[in-house]
Amino acid sequence: MNKLLFSFLLLLALPLIVLIIIVPMSSDNQYIFGFICIAIVFILGVSKSKKITLIMFVMSTLMSLRYIYWRATETLHFNSTLEAVLGIALFMTELYALVILLFGYIQTTWSLKRTIEPLPDDVSLWPTVDIYIPTYNESMDVVRDTVLAAQCIDYPKDKMKIYVLDDGKRNEFAVFCADAGVGYITRNDNKHAKAGNLNSAMKVTQGELITVFDCDHVATRAFLQATVGSFLIDERLALIQTPHYFYSPDPFERNLSEASKVPNEGALFYGPVQQGNDNWNATFFCGSCAVIRRTALEEVGGFAVETVTEDAHTALKMQRLGWGSAFLALPLAAGLATERLGLHVVQRTRWARGMTQIFRVDNPLFGRGLTWQQRLCYLNAMLHFQYGLPRVIFCTAPLIYLLFNLNIIASSAGLIFAYVLPHLVMSIYINSRATGRYRYSFWGEVYETVMCFHLVIPTMLAMISPKHGKFNVTDKGALLDDNYFDFHIVRPHIIAVSLLLLGVTWGVVRLFMPEHYGANPQVIMLNIGWASFSMIILLASIAVARETRQVRKTIRVDATIPAVLHFASGAAMRTETLDLSMGGVRLKTPDERFLDDPIEEVELALKSGVVSFPVEVIDVDKSVTRLMFQELPIEKRRELVRVVLARADAWIRDKPHAPDRPLRSFLGILRCIFELFYFSWQDRREKKQWRKNQPDVKQGQEKEQII
Amino acid sequence: MPLVCVCSPKGGVGKTTVAANLAYALARSGSKVLVVDFDSQNALRLHFGVPIADNRGFVAQSGTLSDWSQFILKVGPNLFLLPCGEVTENERILFEDNLMNEPMFIQRGLSAVLQIPDMVVIADMPPGRNAALKAMEAVADMRIFVLLADTASLSLLPLIEQHKFMNKPLNNKMGEYYVVNQSDMRRTLSRDVTHFFEQRLQNKLLGTIHRDECVPEANASQRAIMDISPVSAAAFDLDQISKKVAVILGLSVGDGAYHHTASIYSS
């Protein structure tokens, strides 16, 4: 009935909608219309109600459609073939952006905020779970704590089995697994990389549910109890995905001071996007931190091996057979972010390639088994990764007029402005309102611009020939010991900025000498403004390549735990911890005994019992004692993992990010650019000084030799 | 008024140290405390700075004097000591004979003290089975067993629990409690035994005391562990135990607030 009413109302409103989209207006009228709409949106913005957001979505959609309709009908007349090609390319870019924008609206309008389904009191009803930790070449340091944390998960011991799936076939891993008491599985070949690895393990284990943790994803104790309940409630549920949370800073957070203050790159996806997908039963598997039903997996022949993103494709295949998927937006595991921008680019390129492959070999628009909403959600994920070329075009488009004086939009600057302004202002404002807590304005531009040049060719190749290309492993856990600038990654960005700078300079020259060049000042101004915006985003992206040294790798927990220091003399002193990490502990210094009595062990009264750790003293003063744990036996290390990494609430933010303020966010991006120049200058000065000091040292040495 | 009896099925477990430091802790938190030494080793006094040459004590004349309070020494603010004193073999036998055969022997001897309303009396008993312990059954309000975190103590636990060690449970008063002494978390065996005691004794366990070199240091200087090193783990543990004892005895000490923790290890 409701649906019928809705359709009826839609039919009634249709003429009005069409009218708004297609009626042409003079420049002045369009300005007035645009400003009125913006004013309405701003006034409506006072209310925080969900319904108002919905109305805004509709208004923004209409305004954007009006813009694109106008672009399609009024502005695509060209004087030359070259202009036509470039002009149509730009139009396609805008069309792509519009489709992504509208999909985004649809996806985030109705989001499902799932909560934990509690497990029944009767433990015998709980399903058996296999935990897979696939690894290939990652170091033991990375994998060890992942395994120990998995062992700390609160679940009946006879119903949870942990397996390390080692494609590296390393002896030390086999020994460690035996020591820790977890399964160790290898196979004869390494066919189909991670997916193949998981599939081969499926043949030798029997759990009803399968949990996959990438080898750096340390689970919290609550992981299974928070996720498994959903499978008992819904018999057709194939998959529950949880966010990938990173406890180490990603390249953006590390290299841009401002980026550590804004929601990180993954926040939008592992928040509104997947919750939106969930609402349409279209959440897809992200490779790790998920629980999957074995029967569903077996029905689709195990993890998909046709593409390099086996995760999304596996989910798509299961959903085609009518299986459900779910997303629980609680960070229940945490891993290492990619350590360097270079690796980040490699990883994202793989994702983009894989998504493109799925688009080609198993397009969600076609084939059976999906609802149209599911098709759109999956399609959106695939289209999203096509942003490479459109962004490159959008960044560099103003050059066409500024440098070559070619017109690719057949309209006056004033009219363009009149149409584009409400479209842009409204979409930025509404995105900021709807998802601003998960991504601040303009940061998406930075995240994508960093990647865009690198995605063009891989996605194109994958589009043309989806069967090619193999899986590459993302290295993690490495530590950067010096600052450096990764020119290689941002070379195209630097070239683009240089060209834009040239274009802007030339544009300014033309602006001030119109009698010589006869250019339309308004068009020049529009293009200069556009080019400047592109430059800002490009420069911010370049700033990410200034790789900063990583100081501390381990996660530190501010926990006050009763502790006892054991001294060499046998004295035991009571104190408490200030903070705790996998590497060591900081405590209040109890008294001055440390002056003549070395500390040998520290005893921590953990919830699971008292554990005493042998330690080395790093530093003691009258107020703070810093101790480093010595090599720990597995049992003690596991206890430490339980406290430091596996706490149920370890990764849950105390409070969400503040709402987005677009202008403030833009200033933050300007700040990144300022810091790029300022810090680079500082680095250079330091290096110079260092070089200056070098000869002195040499002379000193020579002197000593002479003496 | 309440009488606490500190005892142990075997010697050398630190019973006297626990009794003395418990007294110190209770006294410091405001209660008047009298410690009575029933152990003819006469070692309790050494915890309170009494010179080794000072051999005064109540046992020698306990049979002839009806009130022992004249032997009480004031050893600190709120803190009083009734030392055993030097005893000849005959005097000891006579004392034990009196304990066995005269039902009101202890009550009479301590009557003056027991009438002081807020006075806590802590009796340091001789180790093992003995006459004093038996005589105390009628008088004591609370019995604290001191055990070591080792296998020997572990093996004695069933005897205590089944009252083969003491003839009958304290039926009228606050009951029996335990203290595990010299627990060393660095050693697996000690840790496991401590853990077993915690599991087994639950809230009957007043606490676990760390093995701590500060304890012999304090004993050597005849002072409370707390005074030697306020941050000593053993001092902390004893302080926790004293707070728990105060709650069980219903003493209103300090601000009266007590945060119940079954043991330091499950806090």
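**Close-up views of a predicted model**

**View 1. Packing of helices α2 and α3 of chain A.** In chain A, the axes of helix α2 (residues 27-44) and helix α3 (residues 50-74) come within 10 Å and cross at roughly 165°. Angles over 145 degrees count as roughly antiparallel, and α2(A) and α3(A) are therefore roughly antiparallel to each other. The crossing in which α2(A) passes α3(A) is left-handed. From α2(A), the contact draws on A:C37, A:V41 and A:L44, while α3(A) supplies A:I52, A:I55, A:M56, A:M59 and A:M63. By class, the contact of α2(A) with α3(A) comprises eight nonpolar residues, with no polar and no charged residues. The model shown here and in the views that follow is predicted.

**View 2. Packing of helices α4 and α15 of chain A.** Helix α4 (residues 81-109) and helix α15 (residues 372-384) of chain A pack with their axes 10 Å apart, at an angle of about 140°. The two helices, α4(A) and α15(A), are therefore oblique to each other. Their crossing, that of α4(A) and α15(A), is left-handed. On α4(A) the contact is formed by A:V99, A:I100, A:F103, A:I106 and A:Q107, and on α15(A) by A:L376, A:C377, A:N380, A:L383 and A:H384. Seven nonpolar and three polar residues make up the contact of α4(A) with α15(A), and no charged residue takes part.

**View 3. Domains 2 and 3 of chain A.** The domain assignment of chain A gives domain 1 (2-109 + 387-544), domain 2 (126-337) and domain 3 (556-644). The C-alpha centres of domain 2 and domain 3 of chain A are 33 Å apart. Contact between these domains of chain A involves seven residues of domain 2 and six residues of domain 3. On the side of domain 2 of chain A that touches domain 3 of chain A, two or more residues each come from α5 (140-151) and α6 (171-180) of chain A. The element giving the most to this side of domain 2 of chain A is α5(A), with four residues. The residues of domain 2 of chain A that face domain 3 of chain A in this contact are four nonpolar, one polar and two charged.

**View 4. Positive phi values at A:H192 and A:A193.** A:H192 is a residue other than glycine, and its phi is positive, near 60°. A:H192 is placed in the loop between β3 (183-185) and α7 (193-204) of chain A. With 20 other C-beta atoms within 10 Å, A:H192 is buried. A:A193, which is not a glycine either, has a positive phi of about 45°. A:A193 belongs to helix α7 of chain A. A:A193 is partly exposed, having 18 other C-beta atoms within 10 Å.

View 5. Chain B contains 10 helices and eight strands. Of its 267 residues, 51% count as buried in chain B. Among contacts in chain B between residues at least 6 apart in sequence, those joining residues at least 24 apart make up 77%. The contact between the chains takes 18 residues from chain A and 17 residues from chain B. Helix α10 (residues 233-249) of chain B gives the most to the side of chain B that touches chain A, contributing three residues. This side of chain B has eight nonpolar, five polar and four charged residues.

Terms used
Residues numbered from 1 in each chain as written. Chains lettered and ligands numbered in written order. Predicted model: local features only at pLDDT ≥ 70, side-chain atom pairs only at ≥ 80, totals over all residues. Domains from an automatic or database assignment. Contact = placed C-beta atoms within 7 Å. Nonpolar A, V, L, I, M, F, W, Y, C, P; charged D, E, K, R; others polar. Axes fitted to C-alpha atoms, helices over the stretch in contact; angles between N-to-C directions. Parallel < 35°, antiparallel > 145°, perpendicular 65-115°, else oblique. Left-handed = near helix turned anticlockwise from the far one by under 90°. Buried ≥ 20, exposed ≤ 12 C-beta atoms within 10 Å, placed from the backbone.
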